[in-house]
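Hi,

Here is the structure I said I would pass on. Have a look at it first, then read my notes below.

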Amino acid sequence: MAPASLPLPGGGRTTGRGVLRRGDAFLPKTRWVIGDGTSYWVWARRDGQDGPATWRTYDPDGDTIGEPGAPRWIDEALRADPEGSTLDAAWLRPAPSAVPGPVCAPVDGVLGWRVVTLPDGSRRGEDLAGRTVLVPPGVSGDPEHALIFPGSGRPVAVVRKSRTVQLVGTDGALVAEVPSGYRSGPFNAGTVQLPPLRYWHLLQPRDPQGSAALRRIDEDTAAALLARAVPALDAEPEDEPGKQRAEGDSAGVVPGLVRTFLPEVGHDALRAGITGVVRFAAEQQRVLDAALSRLDAAITGVLPREPRPEPGDELLEAAVNGVGLTGRGTFSRYSRYYSSDHNLYGLPRLLGRSMRNPAEPALPGRTHVELARQKPLERLDALALPELPAILALRAGSECTVEEHREALDAFLEVFDAQGLTELDPGHWRRVRLRLDRSLFEGPDAVRGASDEAVLHLAGGAFLLFPARSHCFLSEWDPGVDPRGLRYGALFHDPSGRFEVPEPYTLLASGPFVPEPTRAPGWAAVFRAELAERGPAPWFPSAAEEFARLTGVTPTMARLVVAGLPRIDDKREAVPSATLKVIGVTSADASVAKDELKNLDPGARQAVVAALLPAEPALLWTDGPDAARAAEVWNERLGRRTPVPEEVLHDAVRTVVSPGWAPSAALYGFVGMATEPRLSRDLTWKFGRYSLESVERTPGFGNDVLKGSVALAAWLAHRLPSGDPVRATLPGVLTALRERLAHPGLLIALDRRIDWEAFRRTAGDPTETGEGFVRFGAVVAGTEMSEPVPSFRPALLDGAGTDSHLTALFAEGGPDAQETALRLAHDRLFAELLADPGDPVAGERDADGLWWPQDPTRSVPDLVGEVVQRYGLGEDAAVLYLMLLAMPDPTDRNTARWTGWGKQRGGTARLRAARAELAGTQLVVEGSRSKAGRSLFLPGGWTQLAKPHLPLERWKLSMYDLLDGESAVLGVVVPTRPVAGLYREAWRRTQDGDGPQLGELEVPLPRKRRR
């Protein structure tokens, strides 16, 4: 043990190198020191002398070392021992009290201990009162104490072996062992943390009557207890073999057996300690019984049927991934799953045991935060229990599921069925929101612990299941601000249907958990038999088509939903290629749809996938998934979507780097604007403690919606032809943006950091000073916040969307997304871009009634003629040159789309001929450039924009005000005014001598060679 300080008669404590007194600011150094309360000795050399250290007299007051010598009891340690014995350790110290204990035998107020190694290698430990223990040769470790259990006259040796403590009998047998670090284990389950060995002399019996009962237990009683405990292990929560379970788990069956066989044991901690030993012994007996069974079977030649191997957590998590059930979704903080673990299997077994084998109820007043965490509740979402079996069945029975996952899902469903969890009784389950008074967590008797994932067993087989993040579960039920306590959501199972909440919990709200109607009894067994006989059900494309038609989702999303949403939650792994092949989806389309689906509410996803399993399982093979029922659930939980072209949606997701509202959500909002709150609902904003907050606290218009809407609207105006129904929504979107910006309650925080004090000095006197705010023109800032949050009120801007004070703030640094979006929302040319272009200036619309203003022959036919006349080009080459001159993305694919040549017979040859003719002039250069998507370029510099934007010529940059240098301010590089105007500006520049021309050749620096 490390050196200890000893008390001095006059006050203070000596450390062997001085005295520490009350009020001292510095701690003296330490040295081994022993004493009897009046005299002291230290283990040291005389100052300035060489040689080994020995015990020497010591004067604490003067901090001086005297002559060699030790207390008589230590000096006489070897007097009666045989020759060759050695003294290994010895100490004396004043006893804190005269009360003897299991390891405390004070003599005249002094404690002592000495260890002698005998010639045969055994070690004898003896205390000052003469209590002796002998550690036989071959038993490693140092004896530190002699421990006498209450009711026993024979001491056992307390042996320290590294960081482990063992209790060793006189014959060398291991009586008990404390794990590394003195933490609780199977032999000290009643004590969470044991004190260091130096303080064991303070230990006192907790339950002398119970200890005496343990001394009296006979072999028959122990055998009967063990015989009952072995099968009881199957009715206990899963845990690691031999690992201690907290007394909170006294709700298990084994503690009940201990109460029955040892009723005299009254102390909870002692009972928990006995329970830990019984469990440990039962686990060893179960291993021996299994080995004996295998030996008997081998001798008789009758081999038992091997149990189905349990898939590990890694495989099973991959099989169920996609509906928010695991930590790789949104359910918990755990995202790592290992093949060696079987925690997912533990959930149905934990619940099944709790339902089938009512356990001992928790002690009155016990709370879930004091219980040990249940790993199954950490790894799998118990809140999905009503839908989970159907999800497993649908996935297992689908041809889309990879074979390895199918076997794991079928095995998991088998466990749910065996545990009686495939048809839950709605009358036995409730969701409840509970409160614990805050005073329970204060004071000397405060509740300790922070468990979320726990099962609190109650009387009559009832229990409360607290899921992961239970403080968030059902938080929407909370009755406003309530500082009096901490609140938790839980599942309440009560076979009696009374649902009486135990003390000290207070019920805040409750509601149903299991939806009705439930599936027919025995459906899981029927389904598994069908699957075993017929194999997986074939893929039904018609089911996906019907789901898409009824819900408005894209075909790819519908296919992934009907396939059971495989691997949707996994950010690292894509949807399996085998699955994509069966459902007919490309990996690129699946990636976009996956990102959209994984952001949906997990509970809604679970309900939709569960609804796909027909009420009669056999129909899955003949009629396919129940797309109609699943669509009904989707529309109820998530709302029906107005269909949008999948190609446009996926292009938007891939190419629009929105600074605000996500492109996919914004696109659906545009086409369903009448019901989209972000475009139709005004919010009133106020200054909160740290930032702006809406009074309504509901979805509505704000800064992100403004930026994302303007960016997507500009992109759609360029991406879609005139006459397209989605493009036709853009004028209405701009009108909605302007109406929302005019709302007097709207405040928008500035996205950029500014020097507020410098602004105030420049701005002069405020326009208005009110309660909690100060205003300069349209610029407003909160005055009761820890740091000002400069904001602006758009309703106070002038008709052009400007304000002198706001302009001053925006002038600090280059344009950002917020400033650009606000400017464009008020811009006349931007409104003209979004408006319907009308009929072509020349030519006709396409057969489908559409046309592209990017086609110069239909939007600026006069310029085409001028190019032909000036450069002697054919019309097609002139058209191609104008597109190269003005458009930001004149790829081969886009030029074919805009001109319509891609759909015409011979159009490809026509485009090839135009490129060849133009390439033969000095107007362009021909080559190959990374990610350009074309082979013709304007002469001059070239800029490589950040992904996913296409690179383009430097000459064009000044025509695109969405670019700040080479940075796309709004995440898109598209026109913000009608393209006819762009064509005319580009042509004018060439006419004025400002056309593209070769400059200094830009050659990238060569890379250094590796050595």
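The chain exposes about 47600 Å², and carbon and sulfur atoms supply 51% of that area. Keep in mind that this is a predicted model. Buried residues make up 50% of the 1011 residues in the chain.

On overall shape: a compact globule of 1011 residues would have a radius of gyration near 30 Å, but this chain comes out at 40 Å. Its C-alpha trace spans about 125 × 80 × 70 Å along the principal axes. If you like counting elements, there are 33 helices and 33 strands. Of the contacts with a separation of 6 or more, 64% are between residues 24 or more positions apart.

Next, the largest pocket. The volume there is about 1700 Å³, and 47 residues line it, with Phe149, Val175, Phe187, Leu214 and Arg215 lying nearest its centre. Two or more lining residues come from each of β15 (174–178), α2 (208–216), α3 (219–232) and α5 (268–300). The largest share, seven residues, belongs to α5. What is the lining made of? It divides into 30 nonpolar, 10 polar and seven charged residues.

Leaving aside neighbours within four places in sequence, Ala53 is in contact with Trp43, Ala44 and Arg45. Trp43 is 10 residues away along the chain, yet the two C-alpha atoms are separated by 6.2 Å.

Cheers

Notes. Residues are numbered from 1 along each chain as its sequence is written. This is a predicted model: local features need pLDDT of at least 70, side-chain atom pairs count only at pLDDT 80 or more; totals for chains, interfaces and linings use all residues. Side-chain values use heavy atoms; hydrogens and water are left out. On a 1 Å grid over the protein atoms alone, a cavity is a set of points where a 1.4 Å probe fits but cannot get out, and a pocket is an open set with protein on both sides within 12 Å along at least five of seven lines; lining residues have an atom within 4 Å of a point. Grid points are joined across faces, edges and corners, and a volume is the space filled by probe spheres set on the points. Helices (H or I, at least four residues) and strands (E, at least two) are DSSP runs, numbered from the N terminus. Ala, Val, Leu, Ile, Met, Phe, Trp, Tyr, Cys and Pro count as nonpolar, Asp, Glu, Lys and Arg as charged, and the others, Gly among them, as polar. Contact means heavy atoms within 4.5 Å. The radius of gyration is taken over C-alpha atoms; the globule rule is 2.2 Å times the number of residues to the power 0.38. Buried means under 20% relative accessible area, exposed over 50%, partly exposed in between (1.4 Å probe, protein chains only). Accessible areas come from the Shrake-Rupley method with a 1.4 Å probe; for residues, only the protein chains shown count as cover.
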